Amino acid sequence: MANYKYHILLCGGTGCTASESPKIKENFIQLLAEKNLTDDVQVVTTGCFGFCEKGPIVKILPDNTFYTQVKPEDCREIIDEHIIKGRKVQRLLYENPEDNKHISDSKHMGFYKKQMRIALRNCGFIDPENIDEYIARDGYKALASVLEQNDPKATIDLIKKSGLRGRGGAGFPTGLKWELCAKNAADQKYIICNADEGDPGAFMDRSILEGDPHSIIEAMAIGGFCIGATIGLVYIRAEYPLAIHRLQIAINQAREYGLLGKNIFGTDFDFDIILRYGAGAFVCGEETALIHSMEGLRGEPTFKPPFPAVEGYLKKPSNVNNVETYANIPVIINKGWEWFSSIGTEKSKGTKVFALAGQINNVGLIEVPMGITLREVIYEIGGGIKGGKKFKAVQTGGPSGGCLTEKFLDTPIDYDNLVAAGSMMGSGGMIVMDETSCMVSVAKFYLDFTVEESCGKCRQQASVRNP
């Protein structure tokens, strides 16, 4: 980075890509060449910055200037004013809705102030298609440490002590899940990444794979070493073409660097990753249905036991975690279980990523410490309800969750409190409704039954599912 005077970071997540961020990059590169600035300014496509409501986003380093809703035709003004003359383009800065003042640094925006990015630590900071940038931010350091220590049980104990629970919805302790699989002897085991993400409105796992694919590769290799697996499988929905593309690039780069394959880091540990594609069936997010789908069978859940830790993929012991769960693993190993365990609540440690959407001012991807309240998320991070309308309800947990009304706004967000309130964490979808939202449409979208075109009937039906 020291070779350049400026760095132009451009959001390359799916949302911004659909809003012409590739054309913006093309224009920047063309203008820099035209003005002989190619050696002074680097243009980098990153993963999602999170603030999807204001995309496409362009961030200028080293002054951390945050430009919002940038269009291809804005590139010339940014180059002429900011890069050449050192003057910020005021009209492209974020405008605080409370006082209508412009804010140039994302650290001072309400959307980011209460966030704590662990799983999303590299999204919006690095080029996801460049392994060197991941390595520069402690990438593969955790894997090297684990292999150097050469003690799978000690690593599993560390994950158990951290208190990390599965981020896919059920919240089962991750370390315990690894331990159960590690205890089962077999000639072959598998470690599986659930990247199916079927909850409506959820895009957490997709964004991590688009913005930081190497973190998942590293975590799966660590998990494979701990449970005794030499093969990893990523079950990813085919509707995620950009995530698939970047994950495949990352896998190829890791193989080229000797971080996947035979004798990783000069040890006797062999590990590689294979991709398997889903066809968008919601039920395949359940681990036994997912395993059946990967085997070429109908994606139907089966009764447990046997659990996948005993009889999983191809009837061999298998461990299944989702993308966000894996994204936490390298950080826990690098910073220690005590550090991770100090974040969150007594029974829900660390942070949680949510896809915040609906009738809210700041739509986007957020990561917050467990224990933050729904009110803080909706009114401070989310910026309140659009148009100053009254809050009606927030739906969490996807089709398996529920709608929480105003009386639940001060509920701390963690696994147990959301269940007690009549909803659940789920994988992290969070959809906000205002006073004009019709519960008929909500019921039709989330609940598996037919409702009449009547709000009264809809509320009656919904109360059966979510008292």
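**Ground rules**

Helices here are DSSP runs of H or I with at least four residues, strands are runs of E with at least two, and both are numbered from the N terminus. I'm working on a predicted model, where local features need pLDDT of at least 70, side-chain atom pairs count only at pLDDT 80 or more, and totals for chains, interfaces and linings use all residues. Residue numbers start from 1 along each chain as its sequence is written, and side-chain values use heavy atoms, with hydrogens and water left out.

**Whole chain**

I began with the overall fold and found 18 helices and 15 strands in the protein chain. Its radius of gyration is 23 Å, close to the 23 Å from the globule rule for 467 residues, so the chain is as compact as a globular protein of that length. (That radius is taken over C-alpha atoms, and the rule is 2.2 Å times the number of residues to the power 0.38.) Along the principal axes, I get a C-alpha trace spanning about 65 × 65 × 40 Å.

Next I looked up burial, where buried means under 20% relative accessible area, exposed means over 50%, and partly exposed lies in between (1.4 Å probe, protein chains only). Of the 467 residues, 55% count as buried. The accessible surface comes to about 19,600 Å², and carbon and sulfur atoms own 51% of that. Those areas are from the Shrake-Rupley method with a 1.4 Å probe, and for residues only the protein chains shown count as cover.

For contacts (heavy atoms within 4.5 Å), I took those with a separation of 6 or more; 69% of them join residues 24 or more positions apart.

**Largest pocket**

I note the method before the numbers. On a 1 Å grid over the protein atoms alone, a cavity is a set of points where a 1.4 Å probe fits but cannot get out, while a pocket is an open set with protein on both sides within 12 Å along at least five of seven lines; lining residues have an atom within 4 Å of a point. Points are joined across faces, edges and corners, and the volume is the space filled by probe spheres set on them.

The largest pocket has a volume of about 890 Å³. I count 40 lining residues, with Gly168, Ala170, Gly285, Glu286 and Glu287 nearest the centre. Both α8 (174-182) and β10 (318-322) supply at least two residues of the lining, and β10 gives the largest share, five residues. By type, I have 13 nonpolar, 18 polar and nine charged. (Nonpolar is Ala, Val, Leu, Ile, Met, Phe, Trp, Tyr, Cys and Pro; charged is Asp, Glu, Lys and Arg; the others, Gly among them, are polar.)

Gly278 sits in strand β9 (residues 272-278) and is buried at 4% relative accessible area. Skipping neighbours within four places in sequence, I find Gly278 in contact with Tyr235, Ile236, Arg237, Ala238 and Glu239.

Asp434 is in strand β15 (residues 429-434), buried at 2% relative accessibility. Leaving out residues up to four places away in sequence, Asp434 touches Gln359, Ile385, Lys389, Lys390 and Lys392.

Ser106 is in the loop between β6 (102-103) and α4 (110-113), and at 7% relative accessibility Ser106 also counts as buried. Beyond four places in sequence, its contacts are Lys59, Asn64, Phe66 and Tyr112.

I finished on helix α9 (residues 204-211), where eight of eight residues are buried. Among them are Met204, Asp205, Arg206 and Glu210.
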